[in-house]
Amino acid sequence: MKQKKPQKTWLPILIIVIALIAVMSALVAAKYIKNAGDLVNKFSPAESVTPIIHEQFDNNVKENVYFEVGDTDYPVYVRAKIIYTWQDKDGIVYFSEPKENSDYTIKLNLADWEKKSDGFYYYKNSVASGKTTTNLINKCEQIKEAPVDGYTLNVEIIVQTVQAVGSTDGENGAAEKDAWKDAWNLS
């Protein structure tokens with residue numbers, strides 16, 4: 001005589017029960033979300049602070065370059081990068097980069113500014129709303145003709161600000177740090 005294998009009748013019942021729980025959970029969640037009402041974002045980000053570049057320029061000499069901070073509710077830190085290129089009147093850049101003390105001379109104010117390894121010059125103090133930095137460039141002058149006719153030295157300055165107050169929350173037990181250090185990846 002052959003033995004009958006026991007039937008597993010509990011497996012289909014278990015699948016049906018799990019499916020019913022999933023459907024009921026989805027219905028309850030949908031009802032809750034529908035009745036929760038509109039969510040209002042109460043987060044108000046800080047206003048963008050675009051600094052104004054002040055400079056004097058005459059006869060291929062750039063002098064007295066400093067930055068003015070716009071109106072804010074908080075002080076900011078300022079950093080700037082200086083990019084040197086040969087350009088023609090249409091903004092076309094020549095492939096050869098100008099060399100300091102060969103093609104141009106520059107006098108920087110390193111008493112109030114510090115150059116970091118990322119190539120940016122960082123102002124050593126925070127700047128209050130509506131105030132200015134001291135000069136970054138005291139004088140920059142082209143001393144040699146460009147390698148191609150029609151090109152001149154172009155000294156472009158990129159400037160950025162970030163709020164000087166506030167901190168970022170430490171994640172995963174890490175210590176909090178100043179927001180500007182986090183934004184500019186500084187230690």
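Modeller: Start with the term buried. Buried means under 20% relative accessible area, exposed means over 50%, and partly exposed lies in between (1.4 Å probe, protein chains only). By that rule, 27% of the 187 residues of the protein chain count as buried. This is a predicted model, where local features need pLDDT of at least 70, side-chain atom pairs count only at pLDDT 80 or more, and totals for chains, interfaces and linings use all residues. Residues are numbered from 1 along each chain as its sequence is written, and side-chain values use heavy atoms, with hydrogens and water left out.

Biologist: How do you know how many helices and strands there are in the protein chain?

Modeller: They are DSSP runs, numbered from the N terminus: helices are H or I with at least four residues, strands are E with at least two. The protein chain has 2 helices and 10 strands. Along the sequence the pattern is α-β-β-β-β-β-β-β-β-β-β-α.

Biologist: What makes a nonpolar core?

Modeller: A nonpolar core is a set of buried Ala, Val, Leu, Ile, Met, Phe, Trp, Tyr and Cys residues joined through side-chain atoms within 4.5 Å. The largest one here has 25 residues, and Phe67, Val78, Ile82, Leu136, Ile137 and Cys140 touch the most other members. Strands E2, E3, E4, E6, E7 and E8 each give two or more residues to this core. E3 gives the most, with 6 residues. Apart from it lies another core of 7 residues, including Tyr77 and Phe120.

Biologist: How do you know that E1 and E2 pair?

Modeller: Two strands pair if DSSP finds at least two bridges between them. E1 and E2 have 6 bridges, in the antiparallel sense, so they meet the rule. Ile53 stands opposite Phe67 in E2. E2 and E7 also pair in the antiparallel sense, over 4 bridges. There, Val65 has Ile137 in E7 as its bridge partner.

Biologist: Why is the contact of Asp103 with Lys144 called a salt bridge?

Modeller: A salt bridge is a side-chain nitrogen of Lys or Arg within 4 Å of a carboxyl oxygen of Asp or Glu. The closest N and O atoms of Asp103 and Lys144 are 4.0 Å apart, so the pair counts. The two are 41 residues apart: Asp103 is in the loop between E3 and E4, Lys144 in the loop between E7 and E8. At 8%, Asp103 is buried, whereas Lys144, at 44%, is partly exposed. The whole structure has 6 salt bridges. Among them, Lys89 meets Asp90 at 3.7 Å.

Biologist: What makes Trp10, Leu11, Leu14, Ile15 and Ile18 a patch?

Modeller: Patches are made of residues with over 30% relative accessible area and no salt bridge, where like charges are joined within 9 Å and nonpolar side chains (Val, Leu, Ile, Met, Phe, Trp, Tyr) within 5 Å. Take Ile15, in helix H1. Its relative accessibility is 53%, so Ile15 counts as exposed. Together the five have about 520 Å² of accessible area, from the Shrake-Rupley method with a 1.4 Å probe, and for residues only the protein chains shown count as cover.
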